[in-house]
Amino acid sequence: ELLEAALRKHDIYDYFDTISITSEVARGKNFPDVYLLSAERLGVAPEQCLVFEDLYAAVMGAKAAGMKVAGVYDIHSEHQWKDIKRVADYYVTNYVDLLEDLTYGAEEDI
């Protein structure tokens, strides 16, 4: 309930093609179930997915689904950051840096 309300309040709900939550599957984010459900709903193979996660257990669940994972720094899971960086395919410490990297990469292609 709160997820949809928060996304609508910030005018980003329409940016999502699908939303999957753990209450729709048997196990939590430390297992691949919710990630595989998302890939199925999107109609893409798990290996074509990039998941952004800020918890080590969730990073492990997405990796178990066969997906690439970008670990996202969060002060509340800072104690897991070393493990997240070790396991994730990529990591970001803040989304502003990610946007700058994407912009820089786009300029290189021009």
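In what order do the elements of the protein run from the N terminus on? Then look closely at Glu53: where does Glu53 sit, is Glu53 buried or exposed, and which residues is Glu53 in contact with?

Modeller: This is a predicted model, in which local features need pLDDT of at least 70 and side-chain atom pairs count only at pLDDT 80 or more, while totals for chains, interfaces and linings use all residues. Numbering starts from 1 along each chain as its sequence is written, and side-chain values use heavy atoms, with hydrogens and water left out.

The layout comes first. From the N terminus on, the order is α-α-β-α-β-α-β-α. That makes five helices and three strands. Both are DSSP runs numbered from the N terminus: helices are H or I with at least four residues, strands are E with at least two. The C-alpha trace spans about 45 × 35 × 30 Å along its principal axes. Of the 110 residues, 25% are buried. Buried means under 20% relative accessible area, exposed over 50%, and partly exposed in between (1.4 Å probe, protein chains only). Contact means heavy atoms within 4.5 Å. Take the contacts between residues at least 6 apart in sequence: 31% of them join residues at least 24 apart.

Now Glu53. Glu53 belongs to strand E1, residues 50-53. Glu53 counts as buried because its relative accessible area is 7%. Set aside neighbours within four places in sequence, and Glu53 is in contact with Lys29, Tyr35, Ala58, Val59, Ala70, Gly71 and Val72. The side chains of Glu53 and Tyr35 make a polar contact at 2.9 Å. A polar contact is a pair of N or O atoms within 3.5 Å; within protein, one must be able to donate a hydrogen and the other to accept it, and residues adjacent in sequence count only if both atoms are side-chain atoms.

Tyr35 is one of the buried residues of H2, along with Asp33, Val34, Leu37 and Ala39. The cover over these residues includes E1 and helix H3 (56-64). After H2 comes Gly43, with a positive phi near 75°.

A salt bridge is a side-chain nitrogen of Lys or Arg within 4 Å of a carboxyl oxygen of Asp or Glu. The whole structure holds six. One of them joins Arg27 to Asp33, at 2.9 Å from N to O. Asp33 is buried because its relative accessible area is 18%. Arg27 has 38%, so Arg27 is partly exposed.

Another salt bridge joins Glu24 and Arg41, at 2.7 Å from N to O. Glu24 lies in the loop between H1 and helix H2 (33-42), and Arg41 lies in H2, so this pair ties together parts 17 residues apart in sequence. Glu24 is partly exposed because its relative accessible area is 40%. Arg41 has 39% relative accessibility, so Arg41 is partly exposed too.

A further salt bridge stays within one helix. Arg8 pairs with Glu4, the closest N and O atoms being 2.9 Å apart. Both lie in helix H1 (residues 2-9), four residues apart, about one turn of the helix. An α-helix has 3.6 residues a turn, so residues three or four places apart point the same way. Arg8 is partly exposed because its relative accessibility is 43%. Glu4 is partly exposed because its relative accessibility is 37%.

Glu4 gives a reference point for Asp89. The two are 85 residues apart in sequence and 29 Å apart in space, C-alpha to C-alpha. Asp89 sits in the loop between helix H4 (81-87) and strand E3 (90-92). With 30% relative accessibility, Asp89 counts as partly exposed. Not counting residues up to four places away in sequence, Asp89 touches Lys63, Met67, Lys68 and Val69. Its side chain makes a polar contact with the side chain of Lys63 at 3.0 Å. A polar atom of the Asp89 side chain also lies 2.8 Å from the backbone nitrogen of Val69.
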